[in-house]
Amino acid sequence: MRVRFAPSPTGFLHIGNARTAIINYIISQKTKADMVLRIEDTDLERSSGESEASIIRDLKWLGITWSEGPDTGGRLGPYRQSERFEIYSTYTLKLIESGKAYFCYCTKNELEHMKKGDGGSQQFEYNGRCRNLSDEEIRDFKDQGRKPTVRFRVPENESVIVRDHIKGDIVFNSSNIGGDFIVVRSDGVPVYNYIVIIDDALMEITHVIRGEDHLSNTPKQILIAAALGLPVPEYAHLSLVLGPDRSKLSKRHGITSVDAYRSEGYLPEALINYLAMLGWSTENGEEILAIDDIVNSIELASLAKSAAIFDFQKLRWMNGNYIRSMPLDNVMEKFMPYIEKAGYGATDTRRLRQIIDLVRGNCEVLSDITCFLSMMLDKTIAPDTEARAMLDEADSMKIIEAANEYIDSAEWNLSFKNLADFAAQKSGAKGKKLFMTLRAIITGRLKGPDMEAATRLIGRETVAERIKSCCHKYRTRHEDQ
Ligand code: GLU
């Protein structure tokens, strides 16, 4: 068995395509199939080497590997479509010589008139005008300087069956696929629907696993295969990934490129876990699964037929799970770039370890660490909006004063419990109000790690400093009022 992932290098790796790559990879692992990476870069204007490099980098980051591809080579290369134009020309010649394809001289304007319906629902169907041109007509068109495209002669009224592991058998009628379609553009560049099936055949791909958006293209590809006597692979079209409002997943819904997920501090393990399980579940409902478990449990036929909704919150939650459960040394290594970026790279390693150990449970993505570094290491802190609102409440002042009194007292030691007991007694406040106000004074946030441990880590001098400056600030404010 051989599978392939065939991205078009026109930008960063999209999360939906990453899912296709992941499913291909997992199926290849499960079945010991070869995995091919093919770069579909015939859109010469939109494709770029940088995009190809970034896609390869992102795939590797996810932990996806392939046995053949543009970077690794292989016996059935080249693996970039732009390097295979000669191969395609041979097939085009075959099609033309056997009358299965023909030159079409229609202009853009003429084609425009073949659209049916009106407004947004216009459907194009080629009317076959150039199917049987006389020599004279061809000469005239050439004299006018028209550059022809090559069109495939679609047989009429034939059933084309797409055998799909996920969707079942889908029958198309060849008369309903838009008429004779272009296989080579007037600039000589062959089109996707034509060359994809040639490459799948020549690269001996047995199973094409790809997004459902390509399902409607499949009959065209099968007709080309039949015309050229090439084998047709088995198909598995993965259901679409939609945003929470059930429209196509886009930037409007949130971040959509693997690159952006990496920068924000998602772990490849979490993305693999989430994306691989978008659209199927295990029998016992387990959601956190390592790739090996997924390889064991997944079956192509059990993947969902209907669209999967991308749940950003759930992915965050899952990522937090991985951050919490990873060995401390490993997670520390993952946090390091974020720590350096935030300017805390020179901090004593032991102290950083203690901080990460304490706050990683509060981090759903690695970049969440930034606010905790400032919370644990800065001399002064700026309370966030929620904390400010809490401190602004009328009855907070007496808690602030009590805390201030505590650090000036002989009892002052670095125990949050002692501080809270003292402040409770002096201010009469208790419960959540007392606790949250003290948290806001010391950490500038209303949420965060265990306060007893946090207080110790922040340290005596800084805790005292923060209480003092908070008290000073609020006293001044009250005096001003
Ligand atoms: N290059 C196509 C894409 O990126 C994939 C085509 C295929 O898998 O057949 O959408």
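1. Let's start with α17, residues 416–427: the helix has 12 residues and reaches 16 Å from its first C-alpha to its last, close to the 16 Å expected at 1.5 Å a residue (the expected span being 1.5 Å times one less than the number of residues). Helices here are DSSP runs of H or I with at least four residues, strands are runs of E with at least two, and both are numbered from the N terminus.

2. Before going on, bear in mind that this is a predicted model, where local features need pLDDT of at least 70, side-chain atom pairs count only at pLDDT 80 or more, and totals for chains, interfaces and linings use all residues. Residues are numbered from 1 along each chain as its sequence is written, and side-chain values use heavy atoms, with hydrogens and water left out.

3. Back to α17: which of its residues are buried? They are F416, L419, A420, F422, A423 and S427 (buried is under 20% relative accessible area, exposed over 50%, partly exposed in between, with a 1.4 Å probe and protein chains only). Those residues sit on the same side of α17 because they cover an arc of only 165° around the axis, taken from the directions from the helix axis to the C-beta atoms. The face turned away from the buried side carries the exposed K417 and Q425.

4. What do the buried residues of α17 pack against? Their partners are α16 (397–408), α18 (431–443), α19 (451–458) and α20 (460–480), with contact meaning heavy atoms within 4.5 Å.

5. Now have a look at the largest pocket, with about 1200 Å³ of space. Of its 46 lining residues, S8, H14, N17, D213 and H214 are the closest to the centre. A pocket is an open set of points on a 1 Å grid over the protein atoms alone, where a 1.4 Å probe fits, with protein on both sides within 12 Å along at least five of seven lines; lining residues have an atom within 4 Å of a point. Volume is the space filled by probe spheres set on the points, which are joined across faces, edges and corners. The largest share of this lining, five residues, comes from α1.

6. The second largest pocket holds about 500 Å³. T149, R151, I182, R185 and V191 are the closest to its centre, out of 18 lining residues.

7. Finally, the backbone: the peptide bond from G77 to P78 is cis, with omega near -5°, and P78 is in the loop between α2 and α3. K32 has a positive phi near 60° without being a glycine.
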